[in-house]
Amino acid sequence: MDDFEIELKHDFLQEARELLQNTEQSFLELEKDPSNKTLIDAIFRFAHNLKGTSRAVGFGQIAELTHRAENLLLEIKQEKIFATDLIVSTLLLFNDKVREMIDGLEENLDAVFDCEQLMKDLDAIIAGEAAAPVATPAAASFEPEVEVEVEAKSVESFEEPQVETVAQAVVHKLPEKKEVKKEPRKDDETLRVSLNRLEVLNNLVGELVIIQSVVESALGKSGELKTARSLGKLCKDIQDLSMSLRMVPVGPSFQKLARIVRDTSKLLNKKVDLRLIGEDTEIDKTVAESLGDPLVHIIRNAIDHGLETPAERIAAGKPEEGVVEVMAFHEGNFLVIQITDDGKGINGSKLIEKARAKGIIPDSMNLTEQQAIELIFHAGFSTKEVVSEVSGRGVGMDVVKTNIEQLGGEVKVRSKLGSGSCFRLMLPLTLAIIDGMLIKAGGQQLVVPKGQVQEVIRLEENMITQMTGRRPYMNLRNTIIPVFYLEEDWGSVATGEKANIAMIVRHNDQSFAIGITDIMRQQQVVVKPPTKEILNKQGVMGTTILGDGKPSLIIDLINLYSRKLRQEMNNDSMVQAA
Amino acid sequence: MDMFNKDKNSSNMETKRFLEFKLGDESYAVGLLKVREVITPPEVTAIPKAQPYVCGLINLRGTVLTVIDLRKKLGIRPGQDASQNAVIIFDLDERLVGVVVDSIQKVLNIDETKIKPVPDSDGQGMAHILGILHHEEKLTMWLDPKSLLDGSAPLKVAA
């Protein structure tokens with residue numbers, strides 16, 4: 001395979017992946033509105049497109065499979081077959097299969113897949129055996145299909161086969177018309193730009209802003225301040241714009257949910273109305289990408305644990321169909337995603353019982369209703385008695401919480417017994433900029449994320465108790481907490497400077513103090529990746545460039561100290577003073 | 001036919017271009033295409049608890065990169081005069097690394113026939129040497145910056 005061919009194939013795969021996202025959506029809409037003409041046309045066009053291009057770049061298997069689907073779609077289009085739930089299910093399976101093939105081909109361009117069964121199912125539906133789409137062999141009377149298979153192997157290009165039955169001609173001639181008149185590409189108004197280039201642009205603009213401030217302070221002396229200031233405004237505008245280029249709407253992450261809701265509700269025999277609000281809300285691409293899994297998990301949970309069965313709902317005086325609402329909006333520097341269901345709510349006292357039985361909380365401990373509900377975020381906690389296929393595979397809400405927190409976000413839950421639950425995910429709009437605190441420790445300037453620091457206190461001589469061979473500790477409002485010195489772990493030289501200030505960091509219900517020399521100021525910093533030489537150093541979140549153009553390290557205090565803390569806690573269980 | 005390479009007309013031998021520099025009193029060279037640029041030594045931000053040969057971080061027009069002192073890494077004593085010191089920015093497959101050298105010499109054009117293989121030796125440093133360049137009665141070591149800077153195993157021994 002030469003380079004050009006490989007590139008062509010990869011281009012196709014990328015394009016096909018995007019198309020598939022849209023078709024899944026269309027199939028789901030088709031299920032709701034099976035006689036929607038324009039929808040069927042759109043799907044048919046997609047299938048035809050996919051068949052043609054996949055064959056052209058040499059992915060025969062995709063072409064062959066798609067050809068079957070296209071035949072079925074043609075029948076639907078010509079209103080010979082009505083798109084029942086079952087048919088939509090098969091088409092969704094087809095969608096999944098093609099995606100699986102694309103994934104496989106991306107790894108290995110020569111990969112071969114098993115799609116016999118699906119092809120048979122598709123053929124069977126066309127042959128009118130839709131009632132049993134599983135393992136029905138293609139009917140013997142189905143002559144034309146066989147012919148097509150031969151054609152698929154022998155004809156490499158778009159050329160129409162020479163010999164055709166009349167029925168076959170319809171299948172092929174129809175789409176041909178559309179081929180002649182080239183479809184305008186839908187994404188005409190957007191331009192695909194590699195993230196790398198955007199990063200370079202952001203780097204350069206950041207540098208521009210720094211140089212501008214140098215120029216401004218130099219010009220200020222010569223009275224040309226006005227010009228310098230307008231340059232400054234311009235630079236700021238350019239910086240805002242270049243930062244915003246990384247933002248994408250949350251819509252695509254939401255669209256996946258429609259499929260999840262459909263499959264889950266079918267499996268559990270529940271009726272669900274999924275409402276998506278605020279799909280245009282924008283968020284950093286990196287955040288958007290890691291949003292999918294937590295969302296899917298919460299939605300599955302809402303349907304499985306939250307919503308009642310139709311019978312239960314009627315008995316409770318609710319409409320038969322449950323509502324799951326997913327709403328996205330901006331709040332300050334955060335994107336908020338709220339997932340609300342009108343199910344039975346979370347039963348706090350049941351959770352307490354469970355937690356006690358599992359030894360997660362001691363019997364003597366009393367929890368408020370809210371604290372009880374928050375037990376669902378505890379590791380190893382699944383309230384369903386029976387582990388179901390849908391949710392509760394041991395990994396649970398604790399994973400969701402961890403994932404969101406790793407992104408610098410937060411998860412909150414509110415629930416009312418009998419009337420439903422609401423999960424609130426708060427995510428930073430971008431990972432590229434964080435609110436930082438510029439600190440000094442061990443003769444070094446470092447940046448720490450402001451969000452990790454709960455409070456800052458001035459250290460006095462007598463606040464810290466030293467013990468030989470043990471971690472020093474201090475008394476913070478009647479709680480004994482361990483004290484670390486950043487200088488010991490991150491100072492470049494032993495300066496012998498006193499730690500004047502302690503930052504209090506809280507992680508997993510455990511607070512600890514970190515002694516530093518000074519806090520310089522708070523500022524927003526642009527997070528840049530760590531260089532290879534410091535990539536694996538524990539506690540490095542990244543690097544950044546400070547206002548004066550000097551690089552600095554961003555230290556992840558929680559990452560740096562939580563493991564150390566756990567080890568030491570195990571060694572000598574710290575005494576918790578009441 | 002080859003309108004872009006007029007200087008090559010008399011010879012059909014391939015020539016390669018190198019950047020020659022000094023580490024201490026020793027001459028080394030690297031393939032010119034691996035070099036992004038050469039800058040005067042900037043102020044570096046130290047990386048605490050890093051390997052001793054890591055000088056620190058610099059800001060190269062918005063990109064943060066590490067600067068390494070090859071002399072410390074290879075155990076070469078730095079020259080007396082630091083005024084000619086320079087930092088070579090290497091472009092190693094999408095990643096930039098800076099290297100402090102004593103001085104930049106010049107760009108060498110060397111016929112392929114003048115590039116000799118590395119003599120068979122078990123010296124540690126030889127691991128990162130691609131060949132020996134014979135020019136003007138001198139021998140210059142042709143270093144492989146990628147294997148030298150990518151932190152492969154033998155390096156840590158050398159440091």
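**View 1. Where chain A meets chain B.** In this predicted model, 21 residues of chain A are in contact with 17 residues of chain B (contact: C-beta atoms, placed from the backbone, within 7 Å). On the side of chain A that touches chain B, helix H8 (195-221), strand S17 (540-545) and strand S18 (551-555) each put in at least two residues. H8(A) gives the most, with four. Helices (H or I, at least four residues) and strands (E, at least two) are DSSP runs, numbered from the N terminus. By type, this side of chain A splits into six nonpolar, ten polar and five charged residues. Here Ala, Val, Leu, Ile, Met, Phe, Trp, Tyr, Cys and Pro count as nonpolar, Asp, Glu, Lys and Arg as charged, and the others, Gly among them, as polar.

**View 2. An open five-stranded sheet in chain A.** The strands run in the order S16-S8-S9-S18-S17, with mixed pairing (a pair needs at least two DSSP bridges). Strand S16 (518-526) and S17 of chain A sit at the edges with a single partner strand each, so one side of each has no neighbour in the sheet.

**View 3. S17 against S18.** S17(A) and S18(A) pair antiparallel over five bridges. Val540(A) stands opposite Ile555(A) in S18(A).

**View 4. Where to read chain A with care.** Mean pLDDT (the predictor's confidence in each residue, from 0 to 100) is 77 for chain A, and 83% of its residues reach 70 or more. pLDDT stays under 50 over residues 131-185 of chain A, where the model has 44 contacts beyond four places in sequence.

**Notes.** Residues are numbered from 1 along each chain as its sequence is written, with chains lettered from A and ligands numbered from 1 in the order written. Local features need pLDDT of at least 70 and side-chain atom pairs count only at pLDDT 80 or more, while totals for chains, interfaces and linings use all residues.

Terms used
Two residues are in contact if their C-beta atoms, placed from the backbone, lie within 7 Å.
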